[in-house]
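Hi everyone, thanks for making time this morning. Let me put the sequence and the structure up on the screen, and then I'll walk you through a few spots.

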Amino acid sequence: MMLFLSLLLLVGSPWTTLGQQDTRTIMQFLNDQGLATLSGFLVGTGLNQILDDPNAPATTLFAPTEDAWTKLPSNVLIGLATNSTALKEVLLGHLIDQVVLAQYVRDKDSKVNYNGDTLNFKVYPNRVKTVEGATLVGTDHSLVNGVVHMIDDVLLPVDTNIGEYVAQHETDFKDLFGLLVLGRLFGPLETTGPYTLFAPVDTAFEAIRDTVTALINNRTALADVLKYHVVPDTYWSVGLTNGMKLPTLNGDELTISVGLGGVQVDNANVIQADIHTSNGVIHVIDTVVTPGP
Ligand SMILES: *[C@@H]1O[C@H](CO)[C@@H](O)[C@H](O)[C@H]1NC(C)=O
Ligand SMILES: *[C@@H]1O[C@H](CO)[C@@H](O)[C@H](O)[C@H]1NC(C)=O
């Protein structure tokens, strides 16, 4: 009988760990943690009501830390603080209508948030877990009406894909854009994914002008070099570790080095990391990398 009751309890509240049931609501937890910015925004948009209701359907909240809000560019933060429509959309993007426990999150899992957008999870060999590039910090907090995961970034909606991002940033990527079109790789970067693109800036192509000319005259070789810059998976920089090999679209592997000087991919330096797009991530590099010995 006791066993039966315990099983019932377990089934009824799948998020409770036996013996350490937390009876606080999500809202009470946020207040206790001193997450003033998030709490204030939830109150400002009325979303606090459901998150403070112990009988509300179970919800998962990815809760940006205070530092995460501070990291936002000030114009973005002010834009949210002064536009409750935009703010509510961003906050709903952090909520899922079911319990998601970090220990059961698998690499490449995805869940749909309250905006109907997909949240993509990654679990890297160094055990770091990310949701849309934001790192899951610490452990889950199971509350009476759901679960909270702390994250180190605010999740902002993205509607630009990798191809569009390259096309729209012609001050850096004029050469890359043109070559991707000639190499017939622009289409895939606009329509499929997920990908990680290591994107050389224009000066990287200018440094090897003669090679670029030769590549333009041999589209097979051009496509080969470009495909070597694309990994068919999402590698946010927190998941990159020293010595890691990343298989690329051309079949060869890129080698990652992580040191005091930052992150390198083969002989190129990553000069801007983690540009978030709707079909993956872009890391900007200062040198064109080439496959082969
Ligand atoms: C507020 O945000 C919404 C949604 O992002 C946007 O459509 C609207 O134009 C914004 N309003 C103002 C006054 O900026
Ligand atoms: C073009 O490049 C490919 C791949 O590198 C090579 O196999 C082929 O021989 C090249 N073609 C010409 C005409 O140089």
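Let's begin at T25. Leaving aside residues up to four places away in sequence, T25 touches L51, D52, D53, P54, L143, V144 and N145. You'll find T25 in the loop between α1, residues 2-12, and α2, residues 26-32. Is T25 buried or exposed? T25 counts as buried, because its relative accessibility is 3%, and buried here means under 20%. Please keep in mind that this is a predicted model.

Now let's step back to the whole protein. There are 13 helices and 14 strands. The C-alpha trace spans about 75 × 45 × 35 Å along its principal axes. Of the 293 residues, 43% are buried. And if you take contacts between residues at least 6 apart in sequence, 62% of them join residues at least 24 apart.

How is the protein divided? There is domain 1, covering 12-151, and domain 2, covering 162-285. Between the two, the contact takes 10 residues from domain 1 and 9 residues from domain 2. Their C-alpha centres lie 32 Å apart.

Let's talk about that interface. For domain 1 and domain 2, the buried area comes to about 780 Å², with 57% of it on carbon and sulfur atoms. How many residue pairs are in polar contact between domain 1 and domain 2? The count is 5, with both residues at pLDDT 80 or more. The rule for salt bridges finds 2 across this interface. While we're on salt bridges, have a look at K122 and D233: their side chains meet in one, at 2.9 Å from N to O.

Next, helix α9, which runs over residues 170-182. Where does α9 bend? The bend is at L176, by about 30 degrees. L176 is also one of the buried residues of α9, together with F173, D175, L179 and L180. Here's a handy reminder for reading that list: an α-helix has 3.6 residues a turn, so residues three or four places apart point the same way. Just after α9 comes R184, which takes a positive phi of about 60 degrees.

K108 is not a glycine, yet its phi is positive, about 75 degrees. K108 lies in the loop between β2, residues 95-96, and β3, residues 110-112. Because its relative accessibility is 55%, K108 counts as exposed.

R127 is another non-glycine residue with a positive phi, again about 75 degrees. Look for R127 in the loop between β4, residues 118-123, and β5, residues 129-131. R127 counts as exposed because its relative accessible area is 75%.

One last stop. P194 sits in the loop between α10, residues 186-191, and β8, residues 195-200.

Methods: Residues numbered from 1 in each chain as written. Chains lettered and ligands numbered in written order. Predicted model: local features only at pLDDT ≥ 70, side-chain atom pairs only at ≥ 80, totals over all residues. Heavy atoms only, no water. Bend = angle between axes of the 7 residues up to and from the residue. Helix = DSSP H or I, 4+ residues; strand = E, 2+ residues; numbered from the N terminus. Buried < 20%, exposed > 50% of the residue type's maximum accessible area, 1.4 Å probe, protein only. Domains from an automatic or database assignment. Contact = heavy atoms within 4.5 Å. Buried area = accessible area lost by both parts, 1.4 Å probe. Salt bridge = Lys/Arg side-chain N within 4 Å of Asp/Glu carboxyl O. Polar contact = N/O pair within 3.5 Å; in protein donor to acceptor, adjacent residues only side chain to side chain.
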